Amino acid sequence: MPELPEVETVRRALALCLTGRRVVAVEGEAVRLRQPLDPAALAMSLVGRTMARFRRRGKYLLLDGDNHGSLLVHLGMSGRLTLDRRQQPLLPHTHLVLTLEDQRQLRYVDPRRFGLVEWLPAGSEAHHPTLAGLGPDPLDDDLVESLPPRLRCRRAPVKSLLLDQRLLAGVGNIYATEALWRAGIRPSRAASTISLARLRRLTVELQAVLAEAVTQGGTTLRDFASPSGDFGSFAVSLQAYGREGEPCRRCSRPLRRAVVGGRSSAWCPGCQR
DNA sequence: CCAGTATCCTGCAGGC
DNA sequence: TGCCTGCAGGATACTG
């Protein structure tokens with residue numbers, strides 16, 4: 001589900017609502033996520049901690065508990081963080097509940113269980129196997145210079161590379177599809193066959209679509225919502241994602257569907273080369 | 001190292 | 001109505 005704009009939307013909402021709040025209880029079920037969830041161990045690390053900062057690395061959220069460490073959260077495909085009053089009923093597939101001193105609860109809900117919740121002791125972040133390998137943030141200023149040469153030396157389909165979190169951390173299927181449509185590049189095109197100028201254009205379009213989506217609170221397709229329950233409104237701005245068979249908004253040809261790197265991709269045969 | 005595929009899991013839409 | 005299939009916003013462990 002959540003890509004950079006959605007995760008950033010969640011981060012901002014948490015920072016607004018939870019900064020300075022103390023965790024008084026942690027409960028959950030020992031369920032199998034990407035890694036097994038251990039609520040008892042998380043309780044040992046988290047109870048008594050004050051939520052100091054809320055950071056994002058790619059699609060990962062880091063909830064800093066004073067100086068003791070951070071709760072690392074990845075939402076996978078179907079993960080959500082919700083902020084509720086204690087007495088509100090739990091949604092199905094609620095795996096972890098942090099109760100705050102004011103009796104509100106931060107809840108982690110994830111039906112498909114592709115997500116991740118893990119405690120990172122202070123100082124361990126730099127050695128974490130996945131975090132350490134993440135590429136730069138797509139919104140970084142120098143990306144237009146740094147990304148194109150890294151793409152140009154690879155023979156894989158350009159879309160697969162945009163989705164590779166070690167190359168670039170935060171882009172998923174929606175925004176990769178949108179950026180390629182905006183840049184007029186076919187998703188299956190081998191990156192090495194695209195000129196540096198067009199790869200720069202792609203990078204510019206990628207940054208633009210991500211920035212616009214952040215200002216819209218992300219894309220709600222089915223069930224994405226910020227922790228306070230707000231839906232993202234960027235879905236109405238999608239030009240390619242999910243529009244297979246519908247006319248291209250630039251050249252009117254019907255969009256096609258292709259599978260690239262195992263992911264569904266909508267693209268226009270008229271204006272994406 | 002690189003590219004491509006299979007796999008984890010539930011829910012939902014569509015076809016019959 | 002119910003059953004079946006395929007597909008879904010992601011990451012990773014494999015294979016060649």
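**View 1. Buried residues of helix α7.** The buried residues of α7 are L199, L202, T203, E205, L206, Q207, V209, L210, A213 and V214; buried means under 20% relative accessible area, exposed over 50%, and partly exposed in between, with a 1.4 Å probe and protein chains only. This is a predicted model, in which local features need pLDDT of at least 70, side-chain atom pairs count only at pLDDT 80 or more, and totals for chains, interfaces and linings use all residues. Residues are numbered from 1 along each chain as its sequence is written, chains are lettered from A and ligands numbered from 1 in the order in which they are written, and side-chain values use heavy atoms, with hydrogens and water left out. The buried residues of α7 pack against α1 (4–18), α4 (143–152), α5 (158–162) and α6 (173–183). Contact here means heavy atoms within 4.5 Å.

**View 2. The length and end of α7.** Helices (H or I, at least four residues) and strands (E, at least two) are DSSP runs, numbered from the N terminus. The 20 residues of α7, at 1.5 Å a residue, should span 28 Å, and the end C-alpha atoms are 29 Å apart, which agrees. The expected span is 1.5 Å times one less than the number of residues in the helix. After α7 comes G217, whose phi is positive, near 75°.

**View 3. The loop holding S252.** S252 is found between α7 (196–215) and β9 (256–260). Phi of S252 is near 75°, a positive value in a residue other than glycine. With a relative accessible area of 54%, S252 is exposed.

**View 4. The loop holding Q103.** Q103 is found between β6 (94–100) and β7 (104–109). The phi of Q103 is positive, near 75°, and the residue is not glycine. Q103 counts as partly exposed, at 37% relative accessibility.

**View 5. Chain A as the setting for the close-ups.** The secondary structure of chain A comes to 7 helices and 10 strands. Chain A has a radius of gyration of 20 Å, close to the 19 Å that the globule rule gives for 273 residues, so it is as compact as a globular protein of that length. That radius is taken over C-alpha atoms, and the rule is 2.2 Å times the number of residues to the power 0.38. Along the principal axes, the C-alpha atoms of chain A fill a box of roughly 55 × 35 × 30 Å. Of the 273 residues, 53% count as buried.
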